[in-house]
Amino acid sequence: MNRYDLELRLLNRLRAQGKAAVALGIDLGTTKSSVAYAHFDPETGKLSCECLRFPQVDGTARVAVPSVVAVDGERTLFYDTKNLIGLRYTYARAPKGFRTPVDIASQLLRHLREGVDDPIARWAKFPGVVTVPASFHGAQRLATVRAAEKAFDADGAKDAIRLLDEPYAAFVDLKFRSPEKAEVLLREDANVLVFDFGGGTCDVAIFRVDTVRGGTLGARLLGTSRYHRLGGGDIDRAIVHDVLIPELLKQNDLDRYAMSWDDKRRRIEPQLLGVAERLKIVLSRRMSEHLAARLAIDDDADSRSVDMTVNWNGRTLTLNNPSLSVAQLRTLMKPFLDSDPPPEAGDEFVQRSSMFAPVVQALMRARLEPEDIHGILLCGSSSLLPPVQEALARKFPDAHRVMLGDAEELQGTVARGAALQALSLQVFGEPLVAPVCSAELSLRVVSGSVPLMRAGDAVPNASKASTLLRPPRNSKNKPAEIAVEVIADEQRLVGRTLWNLPAPVTTADRLALDWRMDDNQCVELRLSRLDDPDTEPFLHRFDAPIMHRDPGQLVRCRMLEREEAIRNDEIPRKEYGAAFEQHARDCATLGEYEKALHFVSLTMQEQGQSQYLLNLRGIYREKIGDRDGALDSYAQAGEWSITRFNAGLLHWRNDRFDEALAAVDSAIEMEPTRAYRALRGDILNKMGKKEEARLEWQDAIAGTPDWTQLNDFELSWMESAARKLDDTALCDRIKEQRKLKANSTILVARQGELPELVGSSAMGKQTPQDCD
């Protein structure tokens with residue numbers, strides 16, 4: 001039988017079993033959630049799998065409901081909580097039962113459960129399957145299971161709730177509904193990329209598929225990345241802030257700075273998001289129709305909506321005939337489609353990272369190039385946007401691209417795959433798609449490494465016999481700190497911790513290592529001292545080794561946890577200034593400059609107007625277009641080389657070349673850096689002094705740079721100078737150095753000492769002499 005024909009294979013086994021079965025699968029999404037059920041009827045011998053439809057206020061029924069929870073009688077809304085689940089974050093002022101992301105997820109899941117009114121689906125039995133992003137780490141997965149168990153009253157029931165990675169669920173649905181398309185993607189040794197661009201996130205997973213356990217589909221994850229603040233909702237917000245708000249201000253004769261960040265983000269944006277989404281959907285349909293017919297569409301073609309009013313500070317503003325043109329959509333989507341993306345982009349209103357940022361990271365993790373990808377499965381409603389499909393075709397010209405159905409069908413694909421997985425688990429006790437170990441896992445020892453699991457091994461799994469280790473040296477009076485380090489693929493550090501071994505310690509001590517990996521690819525190690533049962537065994541759990549966290553998302557998590565600490569009075573008042581300053585810098589890292597200015601002001605209230613903070617305020621004011629305010633801040637900061645440079649840069653950008661040259665000369669007199677020389681060359685070039693400019697650029701790149709001492713600021717200016725001098729080789733070298741610095745992991749000095757390898761306990765009991 002063709003191994004791609006999932007429906008026939010599953011049907012044959014169900015018919016042989018001869019029992020009725022119903023199982024639920026849930027796609028717990030960031031912005032929308034869906035429920036599907038798989039049902040086998042032994043009387044008809046038929047297997048069906050479909051999404052439940054939920055009634056809407058307009059009288060229609062849809063397969064997806066918003067992932068939003070409201071408290072009855074209050075104006076509080078909880079949304080995007082999937083991005084917070086598993087983090088140390090609470091809603092301090094919320095009523096009981098709504099104070100953590102797990103609580104909110106549980107409330108949403110309970111609503112989905114209680115909304116099941118199909119008479120067949122109501123007979124569904126455990127286990128139920130809930131999907132999670134492939135990049136979710138252990139804490140996030142466990143929190144999701146807890147939320148589902150609470151919602152389904154399954155606390156304490158073993159394996160009542162099972163998890164399935166979203167890309168695997170999408171492939172199960174594809175194989176069930178369209179096996180011929182699945183076969184195109186899943187040819188032998190093919191690398192398959194799942195691109196899930198939804199309303200609130202952009203998830204990318206790359207994996208290979210094989211057959212394990214007597215025909216069960218095995219999937220080896222090669223790389224994954226998740227941008228949990230990048231989705232179709234961000235495109236809607238871009239339409240609001242780039243198209244609709246400017247038009248609103250223009251039609252009502254308001255200055256571009258009339259509205260504050262708080263006005264735009266909290267008051268105006270919510271009123272305009274609905275019309276922005278409708279404009280996007282209608283225009284995208286028109287573009288898709290032209291694309292299908294292979295017809296060009298004019299840039300002036302647009303979608304329009306009815307006149308509307310907007311409330312702002314006691315005023316009623318009018319927005320007549322709101323519209324979105326093809327040209328405007330393509331322009332605002334350029335940052336989202338940048339095939340060579342910066343690490344993170346955006347502003348305080350819109351996350352504008354490229355959809356290719358997670359793609360590039362997943363490719364890097366998998367050690368693959370775009371030409372190594374053979375197939376792409378598109379999921380998520382935002383994948384329907386024609387500019388998105390065109391950009392993927394350019395990036396992966398040779399890959400087969402598969403997408404099933406319209407927006408509603410795409411919304412249900414993950415839930416349907418989860419339901420089929422749940423049915424197989426319920427009836428046969430085994431999954432349709434079995435997770436496998438994604439990387440070669442080893443434990444570091446003095447002589448190198450001890451293999452734990454091979455890439456492609458089925459999980460869950462565990463050691464068959466203990467591996468024997470020993471301390472690297474004797475310690476009579478002091479405890480020994482044994483460094484426990486797990487690595488993936490012989491190079492990537494997965495986790496590091498210490499085992500404090502009580503004295504006396506000798507090299508004759510036998511340390512037994514045992515391990516297990518669960519189906520979430522979380523590794524648990526157990527180290528015990530065989531000859532001293534009084535020594536407490538070492539137990540430690542590491543998150544999934546394939547899990548990837550990009551810097552931007554780490555910054556957001558750090559900000560959330562800092563806000564939580566401030567709300568709960570966990571930060572002393574005397575440390576507020578430092579906390580606000582770091583918050584401002586984190587906001588700026590994410591491009592949220594108006595918000596950053598707010599926290600700079602709070603920092604100044606705590607610490608006063610220092611030279612450093614005034615310079616910072618000048619930078620952020622310039623970023624939002626407040627040039628006079630920026631120059632005023634630089635002037636208040638006084639004589640400091642960096643403020644002189646920043647003032648010169650601002651003058652240069654505004655074609656005030658004499659003022660720019662005077663400012664940068666002042667900076668060079670204080671501190672003659674490469675960056676300052678490069679800017680001086682740019683200014684002279686604008687003034688028409690070409691030869692003098694070339695001399696300055698040559699000074700900026702002269703000599704043999706010590707790359708370790710140059711930060712990205714200096715490197716970017718050096719790259720600019722080298723490019724203007726047509727020094728391609730140096731440009732490439734600098735780009736490589738910048739990429740290395742951007743993607744490098746901060747190395748931490750090892751604490752403790754690595755153990756030494758002795759052997760396997762299967763070889764028999766060892767004597768102290770054997771260990772010497």
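Colleague: Of the contacts in the protein chain between residues at least 6 apart in sequence, what share join residues at least 24 apart?

Modeller: That share is 65%, with a contact meaning heavy atoms within 4.5 Å. Bear in mind that this is a predicted model, where local features need pLDDT of at least 70, side-chain atom pairs count only at pLDDT 80 or more, and totals for chains, interfaces and linings use all residues. Residues are numbered from 1 along each chain as its sequence is written, and side-chain values use heavy atoms, with hydrogens and water left out.

Colleague: How many helices and strands does the protein chain have?

Modeller: There are 23 helices and 30 strands. Both are DSSP runs numbered from the N terminus: helices are H or I with at least four residues, strands are E with at least two.

Colleague: Why call the chain as compact as a globular protein of that length?

Modeller: Because its radius of gyration is 29 Å, close to the 28 Å that the globule rule gives for 772 residues. The radius is taken over C-alpha atoms, and the rule is 2.2 Å times the number of residues to the power 0.38.

Colleague: And what percentage of the residues is buried?

Modeller: Buried residues make up 53% of the 772. Buried means under 20% relative accessible area, exposed over 50%, and partly exposed in between, using a 1.4 Å probe and protein chains only.

Colleague: What about C202, which cysteine has the closest sulfur?

Modeller: C379, at 11 Å, which is too far for a bond. C202 is buried, with a relative accessible area of 0%, and C49 is buried too, at 14%.

Colleague: Where are the cis peptide bonds you flagged?

Modeller: One joins F126 and P127, with omega about 0 degrees. P127 sits in the loop between helix 2 (101–114) and strand 9 (128–132). Another runs from A503 to P504, with omega near -5 degrees, and P504 is in the loop between strand 26 (492–501) and strand 27 (511–517).

Colleague: Is R367 buried or exposed?

Modeller: Exposed, at 52% relative accessibility. D726 also has a positive phi of about 60 degrees and counts as exposed, at 65%.

Methods
Disulfide = S-S within 2.5 Å.
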